[in-house]
Amino acid sequence: MELNSLPRTRFNAKRPGSLVGTITAVLEHLHSLYERIGENYTASNPNGRCPVCNGTGTVIGDIDPGCMIAPELSLKHGAVLLWSGTVCRPVSKIKALANMIGIDFDRPLSEQDDRFPDILLYGYDKEPVSYVHKGKPFEGFYRGCVFDLQDMRDAETTSKGNLRAIAFFSRRVKCFRCSGNGPNLERFAATVNGRSLLEAWRLPVSELLLFVCHLPASPDNDTDEIVAEIEACLIYLNKIGLKTLPSIEDKFRFPANAG
């Protein structure tokens, strides 16, 4: 599944929804922007693409815990990226766990005990967590967001939001059909104002926002809409305190020596 294969609605900062959804929206819209206005971009022949990986040379591999926590954020503002902006049961359990083991819900994780991120990723088995979800009491061990995501994969979820999260939080491996040969990398060779897509993604959120805001006006209304969506998402991410976008360079399908 490609990150840009699922339909999108306009971003609304008053009802932002899932934080990972907002971040992947930036990624998807940047892809589209570079395809539209990037210098040195040439569209490839879709008939020559591998039917399994769609020409990217990679498919979804193991879960990547390294991009699941944003330590500069508090739990309140979405440090656990998998569940940020949702009201599912794990969110209720995380709130209760925080209170139980002394995680300050309102302070960035980077300012607290450096053991907390591992607990949030891999669980807490010293004692069960008592929590309330939708007005009903529950009790159970907190197993961690890595295992929550693995359960989604094992259950072969069909939820669009879950599929997006699986794609976002998983590493990429060589396609088993084409062995990674001949991937379609035209869009990644493109540059906008001298920056490649990967270089733009590596910018701090505030600098990426300036980069997008200073793009020249386009006669293409669709391009202007893409830019407006990127700006809206980045303004929100900057406002909540996200300093950098998660390091997900393998999502760009770059060869090892690119960038």
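Modeller: Let's start with glutamate 229, which is in contact (heavy atoms within 4.5 Å) with Thr9, Arg10, Phe11 and His29, leaving aside its neighbours within four places in sequence. Before going on: this is a predicted model, where local features need pLDDT of at least 70 and side-chain atom pairs count only at pLDDT 80 or more, while totals for chains, interfaces and linings use all residues. Residues are numbered from 1 along each chain as its sequence is written, and side-chain values use heavy atoms, with hydrogens and water left out.

Glutamate 229 sits in helix 9, residues 221-240. Helices here are DSSP runs of H or I with at least four residues, strands are E runs of at least two, and both are numbered from the N terminus. With a relative accessible area of 11%, glutamate 229 is buried. That word means under 20% relative accessible area; over 50% is exposed, and partly exposed is in between, using a 1.4 Å probe and protein chains only.

One of the contacts of glutamate 229 is His29, and helix 1 covers residues 19-37. Helix 1 has 19 residues and reaches 27 Å from first C-alpha to last, close to the 27 Å expected at 1.5 Å a residue. The expected span is 1.5 Å times one less than the number of residues. Because 15 of its 19 residues are buried, helix 1 is largely enclosed by the rest of the structure.

Now for the nonpolar side of things. A nonpolar core is a set of buried Ala, Val, Leu, Ile, Met, Phe, Trp, Tyr and Cys residues joined through side-chain atoms within 4.5 Å. The largest has 67 residues, and Val26, Phe169, Leu208 and Leu237 have the most contacts inside it. Helix 1 gives the largest share of this core, nine residues.

With cysteines in the picture, disulfides come to mind. A disulfide is a pair of cysteine sulfur atoms within 2.5 Å, and a search of the whole structure finds zero. Take cysteine 67: its closest cysteine sulfur, in cysteine 145, is 10.0 Å away, too far for a bond. Cysteine 67 is buried at 2% relative accessible area, while cysteine 88 is partly exposed at 23%.

Back to Phe169, one of the core residues with the most contacts. Phenylalanine 169 is buried, at 0% relative accessibility, and so is phenylalanine 168, also at 0%.
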